[in-house]
Amino acid sequence: MHHFDYRDGRLHCEDVDLAKLADAVGTPCYVYSTATLQRHARVIASAFEGQDCLIAYSVKANSNLAVLATLAAEGCGADVVSSGEMQRALRAGIPASKIVFSGVGKTAREMELGLREGIHQFNVESAAELRLLSYVANGIGLEAPIAIRVNPDVAAGGHPNISTGKKGDKFGVPWTEAEELYAEAATLPGIRVVGVDVHIGSQIGDLVPMRAAFEKVVGLAQRLRAAGHDIARIDVGGGLGIPYKQGDEPPPPSAYAAMIAEVSAGLGVQVILEPGRVIAGNAGVMLTTALYEKTAPDRSFLIVDAGMNDLMRPALYGAHHDIQPLKQAAPDAPEKTYDVVGPICESTDKFASGRDMPAVEPGERLAFMSAGAYGAVLSSSYNTRPLVPEVLVNGDRFDIVRRRPDLEEMLQLEQVPDWLKRTD
Ligand SMILES: *Cc1c(COP(=O)(O)O)cnc(C)c1O
């Protein structure tokens with residue numbers, strides 16, 4: 001469910017005509033819908049009525065301060081994977097008591113920052129990390145509330161590059177070693193065991209492996225309790241898939257949340273969820289302008305002004321994004337088959353191969369749909385292209401929430417050493 005629809009043949013985000021927005025902001029740019037973000041957060045929360053639940057939005061999916069502030073106002077917490085993300089979440093108004101720190105490579109400095117802020121929980125991913133966290137916490141006289149991220153050895157995830165819960169993935173503690181590590185955790189100074197954590201992948205289109213993983217985790221939580229650990233929280237991670245194209249039918253967020261509520265009911269724990277894509281993915285689009293059509297013997301290239309530096313998912317994961325014209329094509333408009341490519345000097349700078357779509361004229365504007373998650377966050381300034389701006393729509397209003405830097409700002413970070421400066 002999202003709020004991007006044609007009205008009188010013009011693609012709107014909520015009540016904003018995207019062509020007018022594109023005129024004002026320029027392309028490429030990202031556009032996010034407040035109502036869609038809110039709706040997704042509310043659908044998940046509503047499955048947990050009467051049950052203690054923390055929606056720790058996965059900041060890495062879309063970390064714009066305005067997006068975070070929108071979700072903070074919905075009562076969401078944050079799942080962060082760096083101290084930078086933690087600072088963003090705090091600055092956007094998410095209290096430390098709702099922040100969960102995940103990630104396989106936390107540094108001592110990051111641990112200390114999280115401890116001093118008093119975050120809700122550290123999700124620990126290895127024995128070595130657990131020992132360092134103990135050392136750091138003990139050294140400053142603080143206690144780290146921890147869950148151990150266990151690897152349930154369940155295959156899931158829409159693509160091998162985003163599956164994280166299978167034996168052999170770098171994430172989590174092997175299932176067979178988890179209980180031993182909890183036993184060690186109980187003896188470590190500066191460590192307070194509070195829960196169990198799992199996150200098995202992303203873009204998962206099936207509740208069956210998720211339920212299997214969560215049931216395993218509930219079983220583990222019960223064994224840990226029997227062994228004397230105070231397991232007060234279960235963190236089920238994120239990973240629910242979203243529809244990217246016609247025919248994709250991932251489980252609705254309501255069914256996903258209901259399944260988790262059911263599996264965890266009766267355990268008397270706080271359930272922590274770390275949804276990222278399912279909240280932000282369909283809440284955003286990237287707008288682009290068609291520049292040229294170029295014909296090769298066997299194909300037509302449609303060259304657009306957005307590149308893989310602006311939206312990397314197709315190059316990184318072979319991901320599909322629907323491409324829709326801002327001005328709706330007439331039902332009888334001629335169709336063409338395009339390879340849709342950007343201006344970057346890389347062959348992987350390709351958004352679609354052999355895509356059938358209404359013929360596009362140079363100058364026409366297009367929207368890459370479902371680009372709200374893992375879109376702008378993955379953007380770069382490769383080819384000295386300015387970082388792509390981001391815009392937040394709310395009803396009939398819109399605001400630029402990350403502006404396009406100018407070239408001077410981009411170059412300011414660089415310096416030519418004295419020995420290279422010309423003196424003549
Ligand atoms: C990426 C990530 C998430 C969010 O995943 P989505 O597929 O966007 O829901 C949640 N938890 C952890 C630990 C992650 O790394």
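Is Y374 buried or exposed? Y374 is buried, because its relative accessible area is 11%; buried means under 20% relative accessible area, exposed over 50%, and partly exposed in between, with a 1.4 Å probe and protein chains only. Welcome to this predicted model, in which local features need pLDDT of at least 70, side-chain atom pairs count only at pLDDT 80 or more, and totals for chains, interfaces and linings use all residues. Residues are numbered from 1 along each chain as its sequence is written, and side-chain values use heavy atoms, with hydrogens and water left out.

**The whole protein**

- Along the principal axes, the C-alpha atoms fill a box of roughly 70 × 65 × 40 Å.
- Of the 424 residues, 53% are buried.
- Take the contacts between residues at least 6 apart in sequence: 69% of them join residues at least 24 apart. Contact means heavy atoms within 4.5 Å.
- The accessible surface is about 18600 Å², and 50% of this surface belongs to carbon and sulfur atoms. Such areas come from the Shrake-Rupley method with a 1.4 Å probe; for residues, only the protein chains shown count as cover.

**The annotated active site**

- In an unreviewed entry, UniProt lists C345 under "active site". UniProt positions follow the numbering used here, feature names are shortened, and annotations may be inferred rather than shown by experiment.
- Look for C345 in the loop between β17 (335-341) and β18 (350-358).
- C345 counts as exposed, because its relative accessibility is 65%.
- Beyond its neighbours within four places in sequence, C345 is in contact with Y382 and N383.

**The annotated binding site**

- The unreviewed UniProt entry also has a "binding site" annotation, which covers G239, E274, P275, G276, R277 and Y374.
- G276 sits in the loop between β13 (270-273) and α10 (277-280), and G276 counts as buried at 5% relative accessibility.
- Not counting residues up to four places away in sequence, G276 touches Y57, S58 and A61.
- R277 belongs to helix α10 and is buried, with a relative accessible area of 4%.
- Y374 lies in the loop between β19 and β20, and has a positive phi of about 55° although it is not a glycine.

**Backbone details to look for**

- S370 is found in the loop between β19 (365-368) and β20 (390-394). S370 is not a glycine, yet its phi is positive, at about 55°.
- S370 is buried, with a relative accessible area of 8%.
- T27 and P28 are joined by a cis peptide bond, with omega about -5°; P28 is in the loop between α1 (18-25) and β4 (29-33).

**The start of the chain**

- M1 is in the segment before β1 (4-7) and counts as exposed at 53% relative accessibility.
- M1 and I242 are 241 residues apart in sequence, while their C-alpha atoms are 9.7 Å apart in space.
- Leaving out residues up to four places away in sequence, M1 touches T36, R39 and H40.

How values were computed: Helices (H or I, at least four residues) and strands (E, at least two) are DSSP runs, numbered from the N terminus.
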